[in-house]
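Subject: Handover of a structure and its findings

Dear colleague,

Please find the structure below, together with its sequence. I would be grateful if you kept it open while reading the notes that follow.

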Amino acid sequence: MPVTTDLREQSLRELRRLVGAPGAELREGQLEAIDALVAGHRRVLVVQRTGWGKSAVYFVATVLLRAQGAGPTVIVSPLLALMRDQISAAGRAGIRAVTLNSTNADEWGAVSAALARDEVDVLLVSPERLNNPRFRDEQLPGLARSCGLLVVDEAHCISDWGHDFRPDYRRIRDLLAALPEGTPVLATTATANARVVTDVVEQLAAGRRGPEHAGSEVLTLRGPLARGSLRLGVMPLAAPEQRLAWLIAHLGELTGSGIVYTLTVAAAEDVALALHDAGHPVAAYTGRTDPSERVRLEQALRDNAVKALVATSALGMGFDKPDLGFVVHLGAPASPVAYYQQVGRAGRATDNADVLLLPGPEDKDIWRYFASASMPRQDQADAVLRALAESAGPLSTVALESVVDVRRTRLELLLKVLDVDGAVRRVPGGWAATGASWSYDAERYARVTEAREREQRLMIGYERTTTCRMAFLQQCLDDGSAAPCGRCDTCAGPWFDPTLPEAAVRAATDRLQRPGVVIAPRLQWPSGMDRLGVPRRGRIGADAAMAPGRALARLSDLGRGGQLRELLRGADAEVPEQVVRACVAVLADWDWTQRPAAVVAVPSRRRPMLVRSLAGQLARIGRMPVLGELDLVDGGPVGQAGGNSAFRLAGIWGRLAVGPDLRARLEDTPGPVLLVDDVADSRWTITCAAEALREAGAPAVLPFTLALDA
């Protein structure tokens, strides 16, 4: 039905107040969405390009609904950064916006009181809050009853098929079902293909009609996804030092300030250091960055106080800088949909922004790792459910780690999946089994895996295409309006300077080949080790601890990481001479308080020749005696790579011993022992080896490994 003149005028007035521009006009589709929410009280899915103005729709609708006497708008938003931007935008328009999240628990009482007094126009919550026991039991029922508008931002996260699926988003189905009839709902995203749209629409329809009518009441508004301001390009450079050298040489030539994306935390930190050393004002931004530092760095980028943030996907959804001038990727995301979302940060309020992809041969390995880490496994799910069912009370995540051999990040994800499926429930004190039956949906996960593998092939297709790159991305998003953009490197020819100055290549090579990564000693034994037969708890005693160690490189490093991955994948052999030289450089740069006096090797079942030859070579060059190896007891360690910390420790506990010959040699050794191994990942092997050596009389133990897998 046609929109009334009155609603059109009200919407335009509120839009202009929101953006602070008297001449602003509603974009195509915005008024239709506002009308469906305000006049029709419908459920609406908006799929529009980044920068189209999806937030304007829900802020304008909020003002108009509040004027009708409706309750506050509840926005489910995935990231704190996104919440901060939305609160700032609302405040500029005189909209009273507040948030309940994990960082402001001390404000929950004041927020609740303001909600009770109807002094809040917009409440932003994270999907994780929906299952916080206190929030779920004390706040959510009242919010569901009084909510005037529910907004699901970044709605592709609801879908298994979305590139950024998050189990917590599935809880929104329960909230949708609890809303009073006639409560308008808006879901927004810029990154949804046809499969994701269908999935989201089906979930938005929950509780409105029977299954045979699923989706019939949801209005889907989809616009063209082409971004006319973006100039896309791909520059394939196989060697990591070449990619870094290009950035060192050409970052300053890119317009304005922007984002350099990497696939791993290690890469972000290495690249940021290299660019900083080359004189570029940059900073690293990753999942390890402290929340307060994230806020500071985001503002520095908005203020153009830095040329770029070198970031992982931690800086993705939610960061808003309308004049962001460029996005460069060192390594490709696993799908064109994810890539489209990240490059959409640029050129929102500018006519021109540059987007360049520098893919690497290691990208596929990284994709496989993250894909496997995000998928639940049946054996692990069964173990978790069994442990909770047999427990006399709730178990915390930490307690579960000493009962089931699942690494922390995977365990947290698995618990969320089981919770959303109704098999477990988060309660005060941890997690409890609900008693509901649960079965592993192997067919569903196989379909998701197949879809993600197909997206990876599409990403490689984007890198290699000779057709328009923007049109390629649109087609991946099932945008029927795809047409040549006339701007990208395949439409108009390369727009970037491909030259690699020799000085930049040298600087990049020096940084990436710079040897040495600190191996931090374990300070604390895992909780609950008595359940696994390990008589250790609390802090690791100073008389048993290893000293800080060194590894040649991380396996995830851009430079030597690839070389070490190849070495460790190959057949067992003596350590190559060039690797030995790099190790010697690490030892020469090691700021130990006392030089090691002897070498001891960790016994290896997989690579005995590699470890023994490394120990022997380092001892020969350092003119130190090789005291031998520790003994393997009962066949050696039984822990599996990738398991959690508690089980990794239990797997090694008591299986490394100092034999009588080694003990006698240690008694005659006046200084620290250099403990040599191939890889440190959980660090429990070298921790237990160090404890055994210290007990046998070693005054200090300095671990050294080829690789750090962390």
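Two strands are said to pair if DSSP finds at least two bridges between them. Helices (H or I, at least four residues) and strands (E, at least two) are DSSP runs, numbered from the N terminus. With these terms, strand β22 (residues 673–680) pairs with strand β23 (residues 701–708) in the parallel sense over seven bridges, and Leu674 stands opposite Leu702 in β23.

Please note that this is a predicted model, in which local features need pLDDT of at least 70 and side-chain atom pairs count only at pLDDT 80 or more, while totals for chains, interfaces and linings use all residues. Residues are numbered from 1 along each chain as its sequence is written, and side-chain values use heavy atoms, with hydrogens and water left out.

The sheet and its helices

Strands β22 and β23 belong to an open sheet of six strands, ordered β16-β17-β23-β22-β18-β19, with mixed pairing. At its edges are β16 (517–519) and β19 (626–629), each of which pairs on one side only. On average, neighbouring strands of this sheet are turned by 25 degrees against each other, direction ignored. For such angles, axes are lines fitted to C-alpha atoms, for helices over the stretch in contact, and the angles run from 0 to 180 degrees between N-to-C directions.

Helix α26 (residues 684–695) packs on the sheet and touches β16, β18, β22 and β23, where contact means heavy atoms within 4.5 Å. The direction of α26 makes about 160 degrees with that of β22. Helix α25 (residues 660–667) lies across β18 (598–601), β19 and β22, and runs at about 150 degrees to β19.

Salt bridges

A salt bridge is a side-chain nitrogen of Lys or Arg within 4 Å of a carboxyl oxygen of Asp or Glu. The whole structure contains 35 salt bridges. In one of them, the side chains of Arg663 and Glu695 meet at 3.4 Å, N to O. This pair links distant parts of the chain, with Arg663 in helix α25 and Glu695 in helix α26, 32 residues apart. Arg663 is partly exposed at 29% relative accessibility, whereas Glu695 is exposed at 56%.

Asp121 forms a salt bridge with Arg96, and their closest N and O atoms are 3.1 Å apart. Asp121 lies in the loop between α5 (108–116) and β4 (122–125) and Arg96 in the loop between α4 (80–92) and β3 (97–100), so the pair ties together parts that are 25 residues apart in sequence. Asp121 counts as buried at 10% relative accessibility, while Arg96 is partly exposed at 40%. Salt bridges that share partners join Arg66, Arg96, Asp118 and Asp121 into one network.

A buried helix

Why is helix α18 (residues 469–476) largely enclosed by the rest of the structure? Seven of its eight residues are buried, so the rest of the structure largely encloses the helix. These buried residues are Arg469, Met470, Ala471, Phe472, Leu473, Gln474 and Cys476. They pack against β8 (230–234), α12 (336–343), α17 (442–464) and α19 (489–492). Just after α18, Asp478 takes a positive phi of about 55 degrees.

Yours sincerely,
A colleague

Technical notes
Buried means under 20% relative accessible area, exposed over 50%, partly exposed in between (1.4 Å probe, protein chains only).
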